[in-house]
Amino acid sequence: MLGNSRFCKFFSFSQTGFADDRVRTQRKKHKDFSRNLPILVFLGILVMWHLVSLAKIYDPNTLPPPSRVIKAFSELLANGILVRYSVASLFRVTIGFYLAVLLGILIGILLGTWQKVCLMFYSLIQFLRPISPLAWIPFALLWFGIGDSSAIFLIFLSSFFPMLFSTVVAVKNIPQLYFQIGANFDFTRLETFKFIVLPAILPDIVTAMRISLGVAWLVVVAAEMIAVKSGLGYLIIDSRNALRMDYVIVAMVTIGLIGLVIDKAISQLQRPAFVRWKFERK
Amino acid sequence: MKESKIEIFDLKMKYGKDKVLVDDISMEFIERREIPRDKKDEDKRQGEKVDVLDNVSLKIYDGEFVCILGPSGCGKSTLLKIIAGFIRPTSGSIIIDGKEVNGPRPNNIFVFQEGGLFPWLTVYENVAMGIRHLKNEEEKRLKVQEYLEMVDLIGFENHYPHMLSGGMKQRAEIARALAVEPDIMYMDEPFSGLDFLTRLHLREELVNMHLYIQKTILFVTHDIDEAIQLADRLIVLTDRPSKVKMNYEINEPHPRDINTGELQNIRQQLYLSMGVHYTL
């Protein structure tokens with residue numbers, strides 16, 4: 001950008017930067033407009049949905065019109081179910097996710113540091129990783145019964161393997177050069193861990209957390225459909241059984257919105273300079 | 001001009017003391033990428049052996065600025081890393097101050113070719129890393145400032161390496177090495193990734209710094225002009241497996257004009273010996 005404006009100035013010196021200013025305002029206008037585009041897309045879909053439902057070419061029970069969904073939304077908000085279920089889902093995700101992050105990072109660092117242990121467990125991890133956490137539902141119910149703990153267990157499984165795998169890879173990818181510098185400056189084992197290993201893997205861990213949290217939020221809905229009697233997933237399956245498709249849509253929209261918010265929140269972890277260095281390109 | 005001549009003379013007086021002894025170092029790498037599958041011979045199944053260094057012996061005196069020069073891939077960097085203790089030689093030993101080297105040492109600092117700063121620390125934190133044991137915070141701060149000033153990086157303390165240019169990163173790394181006040185500094189082609197002008201500037205700064213602190217510097221380069229400009233002594237290695245081909249002492253004062261007098265002769269000889277038949 002800087003180079004560009006300098007370029008403009010250089011070639012329009014007789015107009016003393018006039019062309020430069022015009023380019024800048026045009027660019028600003030363009031930016032403001034493109035910022036509104038995502039909202040326009042949402043509005044467009046809403047309008048089309050409304051128009052289609054007005055045309056009355058299908059049974060309104062198979063896809064309720066937006067007006068009914070909005071009504072259902074206010075109903076569910078008023079009787080507190082939506083808030084209570086959202087909190088229940090978020091609670092399960094938070095606990096399962098934190099457990100997965102904690103254990104995934106700890107075991108990941110151990111495996112990444114100790115070559116022999118890593119070789120021992122590597123195949124096992126690669127074997128377990130592709131098994132969908134949903135495949136564990138029968139065992140989760142058998143071991144933990146219907147309730148929070150089986151849902152938390154499933155969420156833990158969904159986030160644990162991505163966290164573990166990313167941490168192992170991140171530790172193994174630390175350039176040897178940094179350890180040589182550490183040795184040169186006479187780092188102790190603790191200092192090597194504190195000043196090299198931990199800061200070097202931090203950006204990869206944040207990225208892995210962002211991905212696993214997304215997966216956890218996906219899995220919680222499925223887990224709640226089967227393993228518990230509350231939460232947004234339960235709201236969906238329960239409303240389907242009552243053929244209240246408007247409630248189903250409300251639950252879906254809420255899941256999408258909360259997913260958007262938590263992704264935005266966790267992406268803030270990528271902003272501090274001691275994390276961002278890895279994402280900077282020269 | 002006269003003053004620097006006296007300094008060189010003083011330096012020469014110190015030469016009585018041995019600093020680094022490279023005693024009969026040999027090094028072979030095993031090329032594991034091309035392992036023949038059907039060889040029954042145990043030795044060959046390990047992979048092809050590549051001899052890098054062939055019985056290299058050197059004596060380096062205290063306070064000397066030694067340039068190790070050689071063609072590309074001849075094992076200069078390997079030799080330096082062996083001296084620094086990062087690599088164990090196949091045979092032979094390194095003796096510094098009468099003690100055998102078994103690994104990297106905190107008072108012999110290595111300056112890497114590229115990317116030697118910790119990217120997750122600011123310039124200030126990087127430089128402070130070497131002197132983290134200092135208890136007094138104020139003393140630590142002053143020292144970091146002092147060395148940042150020496151390499152002309154004041155105002156960039158809170159910048160991260162990715163925000164700096166190549167030359168600034170290299171200067172920051174040199175500041176980090178200097179802050180430790182090392183006994184010996186190893187430099188592995190530290191200027192090779194930089195543009196021409198920055199390289200000339202840094203050479204000049206390095207010469208001044210060496211005259212000022214008078215510590216031993218081992219400097220690996222493939223650039224003949226750079227070596228002639230900097231070195232008190234030139235060590236030229238042959239192609240692989242490397243031996244010491246020449247061991248020149250240069251007694252010219254700084255700043256040097258490499259296009260006159262004895263230096264020009266040395267330069268011409270070096271170009272010839274490395275297979276280039278004209279000097280630009």
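Two residues are taken to be in contact if their C-beta atoms, placed from the backbone, lie within 7 Å. The model is predicted: local features need pLDDT of at least 70, side-chain atom pairs count only at pLDDT 80 or more, and totals for chains, interfaces and linings use all residues. Residues are numbered from 1 along each chain as its sequence is written, while chains are lettered from A and ligands numbered from 1 in the order in which they are written.

Chain A contains twelve helices and zero strands. Helices (H or I, at least four residues) and strands (E, at least two) are DSSP runs, numbered from the N terminus. Of the 282 residues in chain A, 29% are buried. A residue is buried if 20 or more other C-beta atoms lie within 10 Å of its own, exposed if 12 or fewer, and partly exposed in between. Among contacts in chain A with a separation of 6 or more, 69% join residues 24 or more positions apart.

Helices α4 (residues 81–113) and α7 (residues 148–172) of chain A pack against each other. Their axes come within 6 Å and cross at roughly 30 degrees, which makes α4(A) roughly parallel to α7(A). Axes are lines fitted to C-alpha atoms, for helices over the stretch in contact, and angles run from 0 to 180 degrees between N-to-C directions. Angles under 35 degrees count as roughly parallel, over 145 as roughly antiparallel, 65 to 115 as roughly perpendicular and the rest as oblique. The contact of α4(A) with α7(A) involves 20 nonpolar, seven polar and three charged residues. Here Ala, Val, Leu, Ile, Met, Phe, Trp, Tyr, Cys and Pro count as nonpolar, Asp, Glu, Lys and Arg as charged, and the others, Gly among them, as polar.

Helix α10 of chain A spans residues 232–241. Its buried residues are A:Leu232, A:Gly233, A:Tyr234, A:Leu235 and A:Ile236. The cover over these residues includes α4, α9 (189–227) and α11 (245–267) of chain A. Just after α10(A), A:Leu243 adopts a positive phi of about 55 degrees.

Between the chains, 16 residues of chain B are in contact with 16 residues of chain A. The side of chain B that touches chain A comprises eleven nonpolar, five polar and no charged residues.

Within chain B, B:Met168 lies in helix α6 (residues 166–179). B:Met168 counts as buried because it has 20 C-beta neighbours inside 10 Å. Leaving aside residues up to four places away in sequence, B:Met168 touches B:Leu153 and B:Phe156. B:Lys59 is 109 residues from B:Met168 in sequence and 33 Å from it in space, C-alpha to C-alpha.
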